[in-house]
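Please keep the sequence and the 3D view open while reading this note. The points can be checked one at a time.

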Amino acid sequence: MKVKYSYLSRQFDQIDPILEDIRALVKSGDFTLGEPVRRFEDSFAKLVGAKYAVGVGSGTDALFLSLKALGVGPGDEVITAANTFVATAGAIETAGAKIVFVDCDKKSVIDVSKVEKAITKRTRALLPVHWAGQPPDLKALLEIGKRRGLPVVEDACQAIGSAQGKLRGGSTGVAAGFSLHPLKNLNVWGDGGVITTSSEELRDKLRLMRNHGMSSRDEYAFYAYNSRLDSLQAVVGNHLIKDVEWITETRIKNAKTLDAGLAGVAPKVKLPPRDPGDRHVYHLYQFFAQDRDALHAFLREKGVEAKIHYPVPLHLQPASRPLGHKAGDFPEAEAQAKATITLPVHQHLTAEEIAYMIACVREFYGKRR
Ligand SMILES: *Cc1c(COP(=O)(O)O)cnc(C)c1O
């Protein structure tokens, strides 16, 4: 059996309704910031529970523009997690600020007990990540932000639909960045991103920033960027946004089945702690494995497209050399990088595929008892 990581071929087996709308868009010529973008932004804001949404070119731009709009620049520091995707740190660097990493906790989200120690006179923002689709400790982060006068920008690129108690991911900080990349839970046919905010002032600034600072065709409020959500991608997004609840619930259900099936393989397989107060939307289904690399190779041989997110944490990457980090600086992120493995958990998996993946993991450890 082959269990593929990507579901795109299954997701888009019925594309005619989308193509019909694209045909209409092409005929209208409404290619930049037109009606489909406005409609998508309205639905997205509602979905997330924020007042406003601003469509931009990518999730990376969503984070970068949010930081810029908050005035982050050279001489400033922004705090984030060491175990995130490269784009989180890249957004800080390209905004001109210094990246300040903090270790993660057992749940693989930023360790809030270490955030305060990382704050200096130069800190200008906190950029926690909803890693794998699971919220960081939003309550604690908002409290620290409030007390220290620091805006919290959520990297919710992996986490459309996540929540912690009553706090909904992407609606709690000053702003949040989402990605519509083809492998994210709500995906379009290329790149796209969204910023959510409940500040009208920030929304207005971001709308200008993504469009050359143009307040009208002939007036430029400030010099800025070209990072618009493509109308064509918004057309695709307007179709798929209707499926987000189903996508999320199916991923959660698949993850529960995997959790139950793998629980018996402990201690060789360790599941991250699952907090009942969190709505983890399982962009990634990860666990920690003994002999991880051998398990990874075995699963691949068996046709299960398992992945590693990621084998080397950001502070040990060549890109981080100017920051002067060394092995041992963030022990939890380093330990997790050695043990973590990701199984497909997408909404188009069949019950047989899920059972097969569990059987393969059991077989691997069975052989080594
Ligand atoms: C995917 C991702 C991004 C970047 O999104 P793009 O749309 O690919 O630019 C940023 N942060 C995290 C945590 C991501 O997973």
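The points below go from the ligand to a salt bridge and then to some backbone details.

1. The model is predicted. Bear this in mind for every value that follows.

2. Start with the ligand, which sits in the largest pocket. A total of 14 residues surround the ligand, and the closest are Gly59, Thr60, Asp155, Ser179 and Lys184. Sorted by class, this shell has 8 polar, 4 nonpolar and 2 charged residues.

3. Which helices each supply at least two residues of the shell? They are helix H4, residues 59-69, and helix H5, residues 86-94.

4. An N or O atom in the side chain of Thr60 is 2.5 Å from a ligand oxygen. For the side chain of Ser179 the corresponding distance is 2.6 Å, and for that of Lys184 it is 3.0 Å. On its own, the ligand has 380 Å² of accessible area, and the protein covers 93% of that area.

5. Side chains of opposite charge can pair when their charged atoms come close. The whole structure has 21 salt bridges. One of these salt bridges is formed by Lys107 and Asp275, whose closest N and O atoms are 3.6 Å apart. Lys107 is in the loop between strand E3 (98-102) and helix H6 (112-118), while Asp275 is in the loop between strand E12 (269-270) and strand E13 (278-279), so this pair ties together parts that are 168 residues apart in sequence.

6. Now follow the backbone. Where are the cis peptide bonds described here? One runs from Ala266 to Pro267, with omega near 5 degrees. Pro267 belongs to the loop between helix H10 (244-263) and strand E12. Another cis peptide bond joins His309 and Tyr310, with an omega of about -5 degrees. Tyr310 is placed in the loop between helix H11 (292-301) and helix H12 (331-339).

7. Is the phi of Leu33 positive or negative? Leu33 is not a glycine, yet its phi is positive, at about 50 degrees. Leu33 lies in the loop between helix H2 (16-28) and helix H3 (35-48).

8. Then find the salt bridge between Lys107 and Asp275. Finish with the cis bond from Ala266 to Pro267, the cis bond between His309 and Tyr310, and the positive phi of Leu33.

Notes
Residues are numbered from 1 along each chain as its sequence is written. This is a predicted model: local features need pLDDT of at least 70, side-chain atom pairs count only at pLDDT 80 or more; totals for chains, interfaces and linings use all residues. Side-chain values use heavy atoms; hydrogens and water are left out. A residue is near a molecule or strand if one of its heavy atoms lies within 4 Å of it. A polar contact is a pair of N or O atoms within 3.5 Å; within protein, one must be able to donate a hydrogen and the other to accept it, and residues adjacent in sequence count only if both atoms are side-chain atoms. Accessible areas come from the Shrake-Rupley method with a 1.4 Å probe; for residues, only the protein chains shown count as cover. On a 1 Å grid over the protein atoms alone, a cavity is a set of points where a 1.4 Å probe fits but cannot get out, and a pocket is an open set with protein on both sides within 12 Å along at least five of seven lines; lining residues have an atom within 4 Å of a point. A molecule sits in a cavity or pocket if more than half of its atoms lie within 2 Å of its grid points. Helices (H or I, at least four residues) and strands (E, at least two) are DSSP runs, numbered from the N terminus. Ala, Val, Leu, Ile, Met, Phe, Trp, Tyr, Cys and Pro count as nonpolar, Asp, Glu, Lys and Arg as charged, and the others, Gly among them, as polar. A salt bridge is a side-chain nitrogen of Lys or Arg within 4 Å of a carboxyl oxygen of Asp or Glu.
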